[in-house]
Each structure stands twice: as structure tokens, then as C-alpha cells.
Amino acid sequence: MIAIIDYGMGNLRSVQKGLERAGGAAVVTRDIGQIQAANGVVLPGVGAFSACMENLNKFGMAEPIRDIVRRKKPFLGICLGFQLLFSESEEFGMQKGLDLFPGKVVGFHPGENFKVPHMGWNRLDKKIQSPFLEGIAGGDYVYFVHSFYVVPDDSSIVATTTDYGQPFVSSIATETLFACQFHPEKSQELGLRILANFARFASSH
């Protein structure tokens, strides 16, 4: 079973449906015991960084999430759930994140030809091989909706970058964690492949 963390925000049902379509059994929950007992954990997210952190703290989930990632339980972060893993965000003034990875979240600066938010389909440039990206090729398109992006201190965790006026980090991967700025649940067949990769990885660990 995969636990999708319910902290009162985010596209929880669409992520659940995407995982189920990809062959993974998933439950939306804020029960800490159920989250800790799951084979894999998903932190989705839509909305403001500070409001999400506030809710995670309010529901007593921030420390359990840190513990789950540190214990190397299979973990998937999506969009804001990716950004929250880092030290801080400049959205609405500097806000503290979960600080699992050193780095910060910064905003796009709109240019003449680049609107903010960055919305729609864009390409992935693969930087590493990862079981989470099995069947995904460099140049494949996925779906984005965001105004902020992550700048990790450690470049070795960067799994993909994407170009939007400049290259930005669109996903990271470790042995047991994958987190992405794009929305796999909105990225059609390619996104389902990533969700299936995660479900398969979680069930085998």
C-alpha cells in the first residue's frame, strides 16, 4: 500500500487515481501510523509553500516525513511536495522547509517570451539513470504548473533538468526517493510510467 499524505491541500485524488491506474494500491491519509506502515509515501502539493508547511506542522506530519525519508522508505514528492523537501523558499518572504536537502526554492523572473507561471508541456533532459525514470528518455515531455523552482546545493541528486528561459532542476533522485516539479498524474502515459515505476519500487522494498 502507498500512503498519499493528506495535509488539507493538493491534488490528492488525482494522484491516487494516477497511482491506481499505474497498478499501485494507494490510500489518502493523515494517520501517522498508516503513513509509517506504508510501503511507499507520496507528498503531493498545490498552493503556497508557507501554508503547506503550516498544515504539515499543524497535523504533526513534518517530523514523521523527515523520519520516513531519513529511514529510506520509498518516497515520492510532487510539485510543491518536491519544493518542501528543501531548506527554504523565497515565496512570500523566506520560509523554512523540511530541510531534508540543502538548497532553496526561488521564483522565475518573467522575460519577454516567458510567462509566469510556467504552465504546460516541456521537455526533460536526463542527467542520471534511476529506476524511477525507467522507460523515460531525454526529450520526453511532461506537464508543469509552477512559478518557483528548486536550486539544490548538491548537484549529484539532480535527475532531470528542463529549460524555461534557463535550465532549472525538474526532478531529483536518491536510492529511495524521487521528487519532481512536474505533475506525473497530469502527464498522460509518460506520467503513468513514472507512477508505475514508483509503485513497483515501493512494493519491492
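Colleague: Is Lys127 buried or exposed, or something in between?
Modeller: Lys127 is partly exposed, with a relative accessible area of 46%, where buried means under 20% relative accessible area, exposed means over 50%, and partly exposed is in between, using a 1.4 Å probe and protein chains only. This is a predicted model, in which local features need pLDDT of at least 70 and side-chain atom pairs count only at pLDDT 80 or more, while totals for chains, interfaces and linings use all residues. Residues are numbered from 1 along each chain as its sequence is written, and side-chain values use heavy atoms, with hydrogens and water left out.

Colleague: And which residue does Lys127 form a salt bridge with?
Modeller: The partner is Asp125, with the closest N and O atoms 3.0 Å apart; a salt bridge here is a side-chain nitrogen of Lys or Arg within 4 Å of a carboxyl oxygen of Asp or Glu. Asp125 counts as partly exposed at 37% relative accessibility.

Colleague: Which residues do shared partners join into one network?
Modeller: Glu63, Arg66 and Arg70 are joined that way by their salt bridges.

Colleague: How many salt bridges does the rule give?
Modeller: The count comes to 7.

Colleague: Back to Arg66, then: how far apart are the closest N and O atoms in its salt bridge with Glu63?
Modeller: They are 3.0 Å apart, and both residues lie in helix 4, 3 residues apart, which is about one turn of the helix. Helices (H or I, at least four residues) and strands (E, at least two) are DSSP runs numbered from the N terminus. Arg66 is buried at a relative accessible area of 16%, whereas Glu63 is partly exposed at 45%.

Colleague: What about Asp67, where is that found?
Modeller: Asp67 is also a helix 4 residue and counts as partly exposed at 31% relative accessibility. Arg71 forms a salt bridge with Asp67, the closest N and O atoms being 2.9 Å apart, and Arg71 is itself partly exposed at 44%.

Colleague: Which side chain of opposite charge is nearest to Lys73?
Modeller: That is Asp67, 8.6 Å away, and Lys73 is buried yet has no salt bridge; Lys and Arg count as positive and Asp and Glu as negative, with His and the chain ends not counted. Lys73 lies in the loop between helix 4 (62-70) and strand 4 (75-78). Leaving aside neighbours within four places in sequence, Lys73 is in contact with residues including Ile35, Gln36, Val41 and Thr176, contact meaning heavy atoms within 4.5 Å.

Colleague: Changing topic, at what angle do the axes of helix 1 and helix 6 cross?
Modeller: The axes of helix 1 (residues 12-21) and helix 6 (residues 188-203) cross at roughly 75° and come within 8 Å. That makes helix 1 roughly perpendicular to helix 6, since angles of 65 to 115 degrees count as roughly perpendicular, under 35 as roughly parallel, over 145 as roughly antiparallel and the rest as oblique. Axes are lines fitted to C-alpha atoms, for helices over the stretch in contact, and angles run from 0 to 180 degrees between N-to-C directions.

Colleague: Which residues meet there?
Modeller: Gly18, Leu19 and Arg21 in helix 1 meet Leu192, Leu195 and Phe198 in helix 6.

Colleague: And Ala22, where is that found?
Modeller: Ala22 is in the loop between helix 1 and strand 2 (26-29), and, setting aside neighbours within four places in sequence, Ala22 is in contact with Leu192, Leu195 and Ala196.
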